[in-house]
Amino acid sequence: MGQSIVLHPWRGDSPTPHSNDHFLSFLKSTPKEGLNELLDGGLYTSEVTEIAGEISSGKTQFCLSLCVSVVMKARQNVVFIDTCGGFSADRLTEIAESLYGEENLEHILQSVKVIEAFDIFHLMTALQTIKDKMVKKVDPFYDTLKLLVVDSITAVIYPSLGGQQMDGHGLMVQLSLKLRHLAADFSLCVLATGGKTKIGITEKGIEDWT
Amino acid sequence: MQSQRELCSFPIAPSHKSKLTSAGFLITEDLKHLKPSELSKETGIGLEECLEILKLVCSESVDGSKRNEAPKPAVSALERLKEEQSLPPIITFSEGLDNMLGGGVPLCKITEFCGAPGVGKTQMCMQIAVDVQIPSQFGGLQGEAVYIDTEGSFIVERLVDIAKATVDHCNEMARLEGFKEGEITVESVLSGVHFYRCHDYVELLATVHLLPEFIKKHPKIKVVLVDSVAFHFRHDFDDLSLRTRLLTTMAQSFIKLATEFKIAIVLTNQMTTKFSPGEDSRLVPALGESWGHASTIRVILYWEGQKRWAWLYKSPSKKESRVPYQITMGGVRDIVTFPADNSNDQSDDEPSSKRQKVS
C-alpha cells in the first residue's frame with residue numbers, strides 16, 4: 001500500500017489523548033488544507049492510499065467529498081466500489097449541491113459510477129472489468145477515470161481471514177496486487193477504506209490497541 | 001483480456017486450486033480450449049468438478065449464458081439517486097425517530113439497534129414488524145416481515161398489543177380520509193410475520209443462508225429482523241478469529257440480501273463493557289470493532305434519567321443526533337411534552353414515582 005491515514009473521531013465526551021501518544025487525529029472542523037499538508041501535498045495517483053478508522057469516523061464521507069473534488073477540480077471521472085452498502089447517493093448530492101450548486105449537480109452525478117461487490121471474488125471480477133474497459137478504450141467514461149474508491153476493503157477480506165482456512169491471506173495479497181497494478185498501470189489514484197482498532201505510537205513503537 | 005486473469009482469483013476450492021497450479025494452469029488462457037476430461041486427467045480433479053471449474057472460468061465464451069454470481073454492472077450516481085428516492089422507508093410510530101433516520105428504517109440497508117437490556121430493542125423490532133404491513137394508502141409498504149428470534153424474548157401477546165394499536169390507528173385514519181376500513185386487521189398482521197426461532201449460531205447461519213430462497217417464494221417480504229444477533233456469538237466461542245470470520249460473512253450475506261431483494265434488514269445487538277488503560281470503563285456495542293463496520297446504520301438506545309433515548313451513531317447520510325422516545329402499550333412512540341402545562345402527561349410506562357414536569 002502507499003500511504004496510510006488513520007481517522008480518529010473526535011467526540012466531545014471522549015478522553016483526550018495522552019501526552020506521549022500520537023493519534024493521527026482528524027478534527028471534524030479541520031479544513032481540507034490541513035489534511036493535504038499531512039499527506040505531503042494530497043493524494044497521489046499511481047498509488048494506493050488506505051484510510052483506516054473506527055466506526056463513524058468519517059471514512060465514507062471523506063471518500064464522497066473526494067469524489068466531488070476530483071470531478072469538479074480535476075475534471076476527471078470516479079468509480080466507487082461499494083462493498084458494504086455504505087454509499088448514499090443522497091449524501092453525495094447533498095455534498096455536491098452545497099459545494100457547487102444545483103447547476104453542476106447532474107454533471108457530478110454522471111461522472112461518478114457505482115459498482116456493488118459484496119464478496120472478494122465479485123470485487124476481483126469488477127476490478128478485472130475495469131481493467132479491460134481501460135485497455136480496450138471502448139467506453140469513454142473510463143478514458144478519463146482518475147479515482148477508484150473501494151469502500152470498504154475489510155468487509156470483503158475479513159470473511160476469508162482467520163478460522164481454519166489458510167487461503168485468506170493469499171486472496172488478500174492478490175487483491176492488493178490487483179489494486180496496485182491498476183494504480184500503477186493506468187495512473188489512477190486508488191483509495192481503500194478499512195476498519196482499524198486504535199493504534200498508538202508510543203516509545204515502544206506502533207502498538208495495536210483493541 | 002479476461003483470459004489474462006489469474007485462476008486463484010476465482011471462487012474455486014483451495015484443494016482444486018493447488019492441483020491446478022501444480023499442473024501448470026495459472027491463468028484463464030491456459031484453460032481455454034480444454035475439455036473437462038482432459039483437465040481431469042492432467043490435474044487429478046474429479047470430472048464433475050472440472051466441468052464446474054471450466055463453466056466458472058470460461059463463462060463468457062460458453063453459450064453466452066449469464067452466471068448467477070456475476071456482479072451487477074456499474075451504474076451512475078444519478079441512477080442510484082433515482083433508485084434511492086423511489087424506495088420508501090419503513091416508518092416507526094415515533095416521528096422523532098423517523099426524522100432522525102431520514103424518514104424511517106431504510107430499505108436496502110442494514111440498521112442496527114444496540115442497547116442494554118430493557119431499553120426496548122425487542123419492542124422496536126416488533127413495532128417495525130407491524131409497521132411494514134401498513135397498507136400503501138396510509139404511506140406504508142404493505143409488506144411482510146421475517147422475524148428471527150435468537151433469545152426467546154418474542155412474546156406473541158405483546159405483538160398482538162402493538163398490532164391492535166396500529167390497526168386502530170389505521171382504521172381511524174381511514175375513517176377521517178374516507179378510505180375503506182378493515183384493510184388491515186390483527187389477524188392479517190400476525191399472519192404477515194414469518195417467525196423463526198434459532199437456538200444456536202449454526203441454526204442462525206443456516207436460516208440466513210436459506211433466506212434468499214424463502215424470500216423468492218414470498219415476494220411481499222420487506223424486512224428481516226434478527227433479535228438479537230449477538231446472543232449466540234458471545235458465549236462459548238473459543239476461537240475469536242472464527243467468530244470474526246462468521247460474523248463478517250453473515251454481514252455480507254445480509255447486505256447482499258438487502259440490495260438484491262430491496263428489503264430492510266434490522267438487527268439488534270447487546271452492549272458490553274470496554275476497559276481501556278487509564279480510563280473509566282464504558283458501555284460499547286458487543287461483538288467488537290469488525291462487526292461495527294457491518295451495519296450501515298447504527299442506533300444506540302440508552303437510558304438517561306427516566307427517559308429512553310435513541311442516538312444515531314453511524315449513518316451514511318444523516319447527521320449524528322439523539323431523540324427521546326418511550327415504550328407504551330401500543331409500542332414505540334414519541335415522548336409527548338406539553339409546554340408549561342400543569343395537566344398530567346399521558347405516558348403509561350413512566351415509573352409511578354414522583355417525577356419532574358418536563359417542558
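This is a predicted model: local features need pLDDT of at least 70, side-chain atom pairs count only at pLDDT 80 or more; totals for chains, interfaces and linings use all residues.
**Entry: confidence**

For the complex I wrote down an ipTM of 0.83 and a pTM of 0.83, both given by the predictor.

For chain A I found a mean pLDDT of 75, with 70% of its residues at 70 or more.

For chain B the mean pLDDT is 84, and 89% of its residues reach 70 or more. Chain B has a stretch below 50 at residues 60-68, where I noted six contacts beyond near neighbours in sequence. Residues 341-359 of chain B are below 50 too, and this stretch has 21 such contacts in the model.

**Entry: chain B overall**

I recorded twelve helices and twelve strands in chain B. The chain has 359 residues, of which 48% count as buried. I also checked how far apart in sequence the contacting residues lie. Taking contacts in chain B between residues at least 6 apart, 62% join residues at least 24 apart.

Next I looked at the record. An unreviewed UniProt entry places the feature "domain: RecA family profile" at residues 86-271 of chain B. Over that range I read 48% helix and 17% strand, with the end C-alpha atoms 35 Å apart.

**Entry: helix H5 of chain A**

I picked helix H5 of chain A, residues 120-136, and checked its span. The helix has 17 residues and reaches 24 Å from its first C-alpha to its last, close to the 24 Å expected at 1.5 Å a residue.

Is H5(A) mostly covered or mostly uncovered? I found H5(A) mostly covered, with twelve of its 17 residues buried. The buried residues include the run from Ile120(A), Phe121(A), His122(A), Leu123(A) and Met124(A) through Thr125(A), Ala126(A), Leu127(A) and Gln128(A). Further along, Ile130(A), Asp132(A) and Met134(A) are buried as well.

I then looked at the two ends. At the start of H5(A), a side-chain oxygen of Asp119(A) comes to within 3.0 Å of the backbone nitrogen of Phe121(A). After H5(A) comes Lys137(A), with a positive phi near 55°.

**Entry: cis peptide bonds**

Which residues of chain A does a cis peptide bond join? I found one between Asp151(A) and Ser152(A), with omega about -5°. Ser152(A) sits in the loop between strand E5 (145-151) and helix H7 (153-157) of chain A.

I stayed on Ser152(A) to see its surroundings. Its relative accessible area is 7%, under the 20% cut-off, so Ser152(A) counts as buried. Leaving out residues up to four places away in sequence, Ser152(A) touches Thr83(A), Cys84(A) and Thr193(A). The side chain of Ser152(A) also reaches the backbone nitrogen of Ala155(A), at 3.4 Å.

In chain B I noted a cis peptide bond between Asp227(B) and Ser228(B), with omega about -10°. Ser228(B) is in the loop between strand E5 (221-227) and helix H10 (231-234) of chain B.

I looked up two residues, one in each chain. Ser187(A) is not a glycine, yet its phi is positive, about 55°. I placed Ser187(A) in the loop between helix H8 (167-186) and strand E6 (189-195) of chain A. Its relative accessibility is 32%, so I put Ser187(A) down as partly exposed.

In chain B, Gln142(B) has a phi near 50°, again a positive value in a residue other than glycine. Gln142(B) lies in the loop between helix H6 (121-131) and strand E3 (144-149) of chain B. How exposed is Gln142(B)? I read 35% relative accessibility, so Gln142(B) counts as partly exposed.

Conventions: Residues are numbered from 1 along each chain as its sequence is written. Chains are lettered from A and ligands numbered from 1 in the order in which they are written. Side-chain values use heavy atoms; hydrogens and water are left out. UniProt positions are given in the numbering used here, feature names are shortened, and annotations may be inferred rather than shown by experiment. Helices (H or I, at least four residues) and strands (E, at least two) are DSSP runs, numbered from the N terminus. The expected span of a helix is 1.5 Å times one less than its number of residues. Buried means under 20% relative accessible area, exposed over 50%, partly exposed in between (1.4 Å probe, protein chains only). A polar contact is a pair of N or O atoms within 3.5 Å; within protein, one must be able to donate a hydrogen and the other to accept it, and residues adjacent in sequence count only if both atoms are side-chain atoms. Contact means heavy atoms within 4.5 Å. pLDDT is the predictor's confidence in each residue, from 0 to 100.
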